[in-house]
2 protein chains.
Amino acid sequence: MSDDDSRLIDMPGHLIRRLQQIASALFLDQAKSFDFTPVQYAALVAIKNHAGLDQTTLCNVIALDRSTIGDVVGRLEKRGLISRTNGTTDRRTKALRVTAAGRRMIRDIEPAVMATQRLILAPLKANERVTFMQMLKHLVHLNNEHSRAPLRLHALQPNAGVRGRASTAQVVRPRRREATRR
Amino acid sequence: MSDDDSRLIDMPGHLIRRLQQIASALFLDQAKSFDFTPVQYAALVAIKNHAGLDQTTLCNVIALDRSTIGDVVGRLEKRGLISRTNGTTDRRTKALRVTAAGRRMIRDIEPAVMATQRLILAPLKANERVTFMQMLKHLVHLNNEHSRAPLRLHALQPNAGVRGRASTAQVVRPRRREATRR
DNA sequence: GTCAATTCATCAGCATACTGACGATATCGT
DNA sequence: ACGATATCGTCAGTATGCTGATGAATTGAC
């Protein structure tokens, strides 16, 4: 391996891409018998935690782009894991709720999800794992706004929608990257 | 934010996915005027470092799946950044080489790439950055085989193909995940 | 040397992701 | 009340990424 190669291969961005590929492959492998993806799992759990939330709020919770969530929840609905009903107070929205089958899926897949998280960090020693997770959280938190799909938990009220009210006032969308011409 | 939310949001896999989104967004933003992606950059630099290599070897160098590389090099070729000629010793392969325009692209985009790497790690303190990069390399290296596109540098000879020979004996492909039924 | 096994590039199919746009609806200022 | 503005879900277009398959070509066992 030449120096030229190391310069590319050891770039933070390059290593992060590879780690994401690895984490994703481990999840798919562990959860093979469920035919389920990391994003679908995140969406399902978030919907369970906040019954009745709308799609945009769901995006804010799991840091996913709005234009991607439609397909994801569509697949969950097709498999009968969630229900999608029109919002009552805001007729633009869809209120998402986990079905009994969805709750079962969350329960059954849990061991595979936990095993995945262990496997990802397995190469590190116990104390290193703590350090790594701290820095990872720090990096993601401080860089949050650089993503198109930043985490926005303040858009959430505890148990949003459980008593009817689905979504809520939207947070201000701060400076977006200016338009790119492609 | 409830405990249920933190359990999901602080999972290693979830944080890694978000960090990858952030790193990618930072790259696209910094390299906006070049209309270039991280993967295209990795491919272009690897081709420059190993003139004449074939597509499968390129996959091994930048840890990309073989079924994806065709589109990537196709785009590079369409923009005149690389040339793709049929292999001489092995007529199944395509020998890849960077053109003058490709070399110019690498030179011109370099500041944006470097800025991206700085921005990704910016939230950490200088000594933390070193620790994080060490652990990141360790995680990727030790988990390498779990990816469908593991890094395989031993498939490379110094300056492969420069004197005619394009690719080389293929390494053994160790245990693959058994077939999944979807 | 011949044939079985392997490898290369590619393909169809699916899933995640981002950009920029759209019609339908809400909200806000006045 | 009403018009400007913003937001919701969706869509078309593009790019990355994986699974499993294919035809063409090579390699290896014998």
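**View 1. Salt bridge between B:Lys137 and A:Asp10 in a predicted model.** The closest N and O atoms of B:Lys137 and A:Asp10 are 4.0 Å apart. A salt bridge is a side-chain nitrogen of Lys or Arg within 4 Å of a carboxyl oxygen of Asp or Glu. The rule finds two salt bridges across the interface of chain A and chain B. Residues are numbered from 1 along each chain as its sequence is written, and chains are lettered from A in the order in which they are written. In this predicted model, local features need pLDDT of at least 70, side-chain atom pairs count only at pLDDT 80 or more, and totals for chains, interfaces and linings use all residues; side-chain values use heavy atoms, without hydrogens and water.

**View 2. The interface of chain A and chain B.** Contact (heavy atoms within 4.5 Å) joins 65 residues of chain A to 66 residues of chain B. The buried area is about 6500 Å², with 71% from carbon and sulfur atoms. This is the accessible area (1.4 Å probe) that two parts lose on being put together, summed over both. In chain A, A:Ile16, A:Met135 and A:Leu139 lose the most area to chain B, together 10% of what that side buries.

**View 3. Crossing of α2(A) and α6(B).** Their axes come within 8 Å and cross at roughly 65°. Axes are lines fitted to C-alpha atoms, for helices over the stretch in contact, with angles from 0 to 180 degrees between N-to-C directions. Helices are DSSP runs (H or I, at least four residues), numbered from the N terminus. A:Pro12, A:Gly13 and A:Ile16 of α2(A) meet B:Gln117, B:Ile120 and B:Leu121 of α6(B).

Terms used. Helices (H or I, at least four residues) and strands (E, at least two) are DSSP runs, numbered from the N terminus.
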